[in-house]
Amino acid sequence: MSPEVLTQWRREFHAFPEIGWSEFVTTATLIERLEGMGFAVLSGKAVIHPEFVRGRVQLIVDAGLAAARERGVSEALLERMDGLTGCMAVFDSGRPGPTIALRFDIDCVNVNESTAPDHIPNQEGFASTNPGYMHACGHDGHMSIGLGVAQWVMDNRERLKGKVKLLFQPAEEGVRGARPMAESGILDDVDYFACAHLSFSASSGTVIAASTGFLCTVKIDIRFRGKPAHAGAEPHLGRNALAAACHATTQMLGISRHGEGMTRVNVGVLHAGEGRNVTPANAEMQVEVRGETEKINTFMVDEVMRIAQGVASGFDVQLETEIVGEAVDLICDAEMADHVMAVAREHPAITEVLPTKPLNGSEDATILARRVQAHGGKAVYFIIGADRTAGHHQAEFDFDEKQLEIGVELFAGLLLRMAS
Ligand SMILES: [Zn+2]
């Protein structure tokens, strides 16, 4: 795969970033490229179980659909997506062998890209043309690598046995897209699962074979519904949702630490109230918890829910809760990590191979990996080092595009070791 093509693909994705569940242009591009290479490509409900879709906001979906139509995505393709983004390309060698799944995420983040003249996407003319949105986490690079691997699979089809499934997952940010993909069942025959992230804590030339320190997390939207009343004349007739949300916030921030491991709780958003002289009838909170293990994380979720219920009862307001995102922890399988290390060590451009390093974040590929492991398969999550100009999710973020080719070669090496 020529590095120029990989760079061009990455830059095309970069120029039109789409936020989770609205990646219609992105998915259309992927489907067309993958089918052009000769893959069978599944999309819509075949890869996303609608009942498990997390944090999908209809207004954002509709805006994405409108943008897709404006940009000439065909009705036939949109029909195939059925309102659900993401897709999976399948290669079947026709020869007995393992089924291997590789996952690439496709969404962007809510960041306005830097307008600084020295920012490379501005210099080279591929900065985001979708205001408020930016590929500031490297998922544009992940898709480019995924397409590069796809082309490699087709070019090397005679050397492979078994099946290869290439998953292009929507809505990683906010950890929303993996659960419905897992629940669709597309991974249930998978023997080996691999996923990688560009950059993070590793610079160009470094590979971290097996990430650790994935925190379990659950994202919860909480809504209190009270009753408006005249704040001067008849305050006793109102039911105060704002007061409930404030109490809930301070109590949640006071949840005790867990003795068996790391915990986090954050109330990131609190919107409440309608007017100065009206008892506030509506309050909305965006809350997240994290835990080192599923047990600890469940403790945090239970505490948050209990507080919300207690406060709702105390202030006599209605309560609605909605889980809008989730991820679990992951222990990479040693067998897979060994394969990654062996492939990385053989690569002339890789100068440092670390067996492991903690990520200390959350990533919903863990849900896909867990699904594979639950069926007796093996999984790994590795880091492809890449120099970057700023931290992930920052407006100045950009990464070393030379690592795209290395990413393709690492995945190709893995496929050769496991499926030839
Ligand atoms: Zn990311």
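This briefing describes the aromatic contacts and the domain interface of the structure shown above. The model is a predicted one. The domain assignment divides the protein into domain 1 (3-215 + 329-419) and domain 2 (216-326). A search of the whole structure returns five aromatic pairs, and the count of salt bridges between domain 1 and domain 2 is three.

**Aromatic pair F104–F411**

- One of the five aromatic pairs is formed by F104 and F411, with an edge-to-face arrangement, 5.3 Å from centre to centre and 65° between the planes.
- This pair links distant parts of the chain, 307 residues apart: F104 belongs to strand β3 (residues 99-105), and F411 to helix α12 (residues 403-419).

**Aromatic pair F214–Y381**

- F214 and Y381 form an edge-to-face aromatic pair, with 5.0 Å between the ring centres and 85° between the planes.
- F214 lies in strand β6 (residues 206-214) and Y381 in strand β12 (residues 378-384), so the pair ties together parts of the chain that are 167 residues apart in sequence.
- Both partners, F214 and Y381, are buried.

**Charge over a ring**

- The ring of F16 has R71 lying over its face, at 3.7 Å from the ring centre.

**Interface between domain 1 and domain 2**

- The centres of domain 1 and domain 2, taken over C-alpha atoms, are separated by 34 Å.
- Contact between the domains involves 15 residues of domain 1 and 13 residues of domain 2.
- The size of an interface is often expressed as the accessible area lost when the parts come together.
- Here, domain 1 and domain 2 bury about 1100 Å² between them, and 52% of this area is on carbon and sulfur atoms.
- On the domain 1 side, R54, V175 and L215 supply 49% of the area buried against domain 2, more than any other three residues.

**Salt bridges**

- Three salt bridges are counted between domain 1 and domain 2.
- The side chains of R370 and E294 meet in a salt bridge, with an N to O distance of 2.8 Å.

Key
Residues numbered from 1 in each chain as written. Predicted model: local features only at pLDDT ≥ 70, side-chain atom pairs only at ≥ 80, totals over all residues. Heavy atoms only, no water. Phe/Tyr/Trp six-rings, centres within 6.5 Å; stacked < 30°, edge-to-face > 60°. Helix = DSSP H or I, 4+ residues; strand = E, 2+ residues; numbered from the N terminus. Buried < 20%, exposed > 50% of the residue type's maximum accessible area, 1.4 Å probe, protein only. Lys NZ or Arg CZ within 6 Å of the ring centre and 35° of its normal. Domains from an automatic or database assignment. Contact = heavy atoms within 4.5 Å. Buried area = accessible area lost by both parts, 1.4 Å probe. Salt bridge = Lys/Arg side-chain N within 4 Å of Asp/Glu carboxyl O.
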